[in-house]
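Good morning, everyone, and thank you for making time for this.

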Amino acid sequence: MTENELDREHLAQQLAEACAENRRFESRVRNTEIALREAEQRLQQAQKMETLGTLVAGVAHEINNPINLILYNLPLLQKIWADLLPAMIGLAESAPERKFGGFSGDFLKDNLAQLIADMEMAANRVTKIVADLKNFSRQSNIAEKHLLNINTAVKNALRLAQTTLRKVAIGVRLDLAPDLPEIEGNLQSIEQVILNIVINAAQAIDHARGEILIQTGFSLKDGRVHLRVTDNGRGVSPALADRIFLPFVTDKQAQGGTGLGLSVTYSIVQAHGGEIFFEKRGEGSGTAFTVQLPTLLKRQAAKILLVDDDPMVRQILKEALAIPRCYLLEEAANGIEASIRLGTYRPELLILDVFMPEMDGVEVCRSIKAEPALAGMKVIITTGFPGHPKLDELAALGFTTVLTKPFNIPDLFRTVEQLLAER
Ligand SMILES: Nc1ncnc2c1ncn2[C@@H]1O[C@H](COP(=O)(O)OP(=O)(O)O)[C@@H](O)[C@H]1O
Ligand SMILES: [Mg+2]
């Protein structure tokens with residue numbers, strides 16, 4: 001090959017690489033654009049809900065007074081009618097042709113009480129809708145919040161749903177994660193969220209193999225608990241799919257649906273700083289609703305590297321630190337292993353034994369000092385020999401946080417949290 005040809009080949013290769021890089025870049029831009037558009041849509045949806053909430057609160061308030069007046073007067077009317085009835089019967093007998101508001105005495109005798117009862121039922125339904133609307137518009141001011149476990153809310157809600165579920169013979173399976181971190185919320189409201197979703201799931205099932213699966217879990221990544229309700233019903237109708245969280249959107253008018261359940265649910269979840277969404281499970285194979293709620297472990301899980309040559313010590317530390325479920329633990333059995341791990345792994349915190357064969361804790365600390373990329377990492381020194389000269393060496397290097405073995409677990413937590421908070 002001549003020099004010219006070599007040059008050209010080299011240029012062609014560079015061009016190909018540049019094109020590939022360009023394509024990768026374009027695809028990243030496209031993905032970012034999609035994510036942005038989705039975020040924008042969610043924001044618009046949230047704003048729409050807020051405006052609706054304010055509007056609805058006003059309307060609910062306006063309806064409340066007149067409907068109270070009606071509900072107050074209806075029993076009065078019933079009583080008056082009961083007293084008037086004998087007189088009217090007498091009147092109708094003496095003048096059978098006489099009409100009352102266009103109706104015969106006979107007709108009124110048989111039907112008027114029922115008409116009044118129907119009016120009362122309708123007025124009660126309006127009251128229920130107004131109460132739901134008020135719930136929906138209550139938005140961010142859920143009355144009282146306490147620490148609660150979402151599994152408790154699931155069990156309570158299921159007790160309330162039992163009659164409905166038994167009537168339609170639907171199997172309910174529970175898959176509740178143990179040791180979930182608590183959320184700060186209003187128990188009744190969270191129960192209402194679960195109840196609304198479960199009842200909807202039951203109502204969506206129109207065959208004899210009905211099954212509802214309720215799962216809870218926790219994600220270390222974002223510190224949120226989730227609740228997932230899966231049904232094998234008819235699936236959300238595509239015509240309603242992008243509106244089901246809006247008030248009055250329902251395809252169950254005939255069965256008395258108000259279309260308020262999911263909008264109330266949405267506003268409760270919002271008020272708890274959470275998110276709700278649903279997924280289709282393929283044509284005709286049901287729906288899954290997921291609610292995510294933040295726990296007090298809002299912080300992202302902190303990465304910790306545990307270095308000790310004693311497997312028993314590592315085991316104890318691992319078990320203790322697993323309890324709050326907010327740490328990601330990795331371990332190394334000696335200084336050399338730790339140094340190798342630190343080449344690629346960037347923990348926020350190192351829990352480091354001093355005396356280890358081959359490369360001890362002091363040497364690990366020296367190599368940490370020498371590596372600028374590890375500058376922000378916190379270190380807890382652990383040792384069975386308080387007062388040993390090696391601790392002075394470590395202090396001189398700037399590593400002064402020391403825990404003495406055997407560990408006092410509360411002390412360990414306090415120290416870990418203190419150092420992580422300092423970052
Ligand atoms: N699990 C589900 N499967 C299919 N459709 C659902 C499900 N959950 C909700 N939907 C749809 O969303 C609509 C709105 O629900 P909701 O707000 O609770 O009002 P309602 O239950 O009174 O109709 C329902 O009418 C139904 O069409
Ligand atoms: Mg409903």
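Predicted model: local features only at pLDDT ≥ 70, side-chain atom pairs only at ≥ 80, totals over all residues.

Residues are numbered from 1 along each chain as its sequence is written, chains are lettered from A and ligands numbered from 1 in the order in which they are written, and side-chain values use heavy atoms, with hydrogens and water left out.

Let us start with the ligand. Around ligand 1 there are 20 residues, of which the closest are Asn200, Thr250, Asp251, Lys252 and Leu262, where a residue is counted if one of its heavy atoms lies within 4 Å of the molecule. Thr250 has a side-chain N or O atom 2.6 Å from an oxygen atom of ligand 1, and a polar side-chain atom of Asn200 lies 2.8 Å from an oxygen atom of the ligand. Gly259, by contrast, uses a backbone N or O atom, which lies 2.9 Å from an oxygen atom of ligand 1. Taken alone, ligand 1 exposes 540 Å², and the protein buries 96% of that, with accessible areas coming from the Shrake-Rupley method with a 1.4 Å probe.

Now to the helices. Helix α8, residues 361-369, and helix α9, residues 389-397, pack at an angle of about 10°, with their axes 10 Å apart; helices here are DSSP runs of H or I with at least four residues, and strands are runs of E with at least two. The axes are lines fitted to C-alpha atoms over the stretch in contact, and angles run from 0 to 180 degrees between N-to-C directions.

Finally, the backbone. A cis peptide bond, with omega about 0°, joins Lys405 and Pro406, and Pro406 lies in the loop between β14 and α10. Asp179, although not a glycine, has a positive phi of about 55°.

Conventions
Polar contact = N/O pair within 3.5 Å; in protein donor to acceptor, adjacent residues only side chain to side chain.
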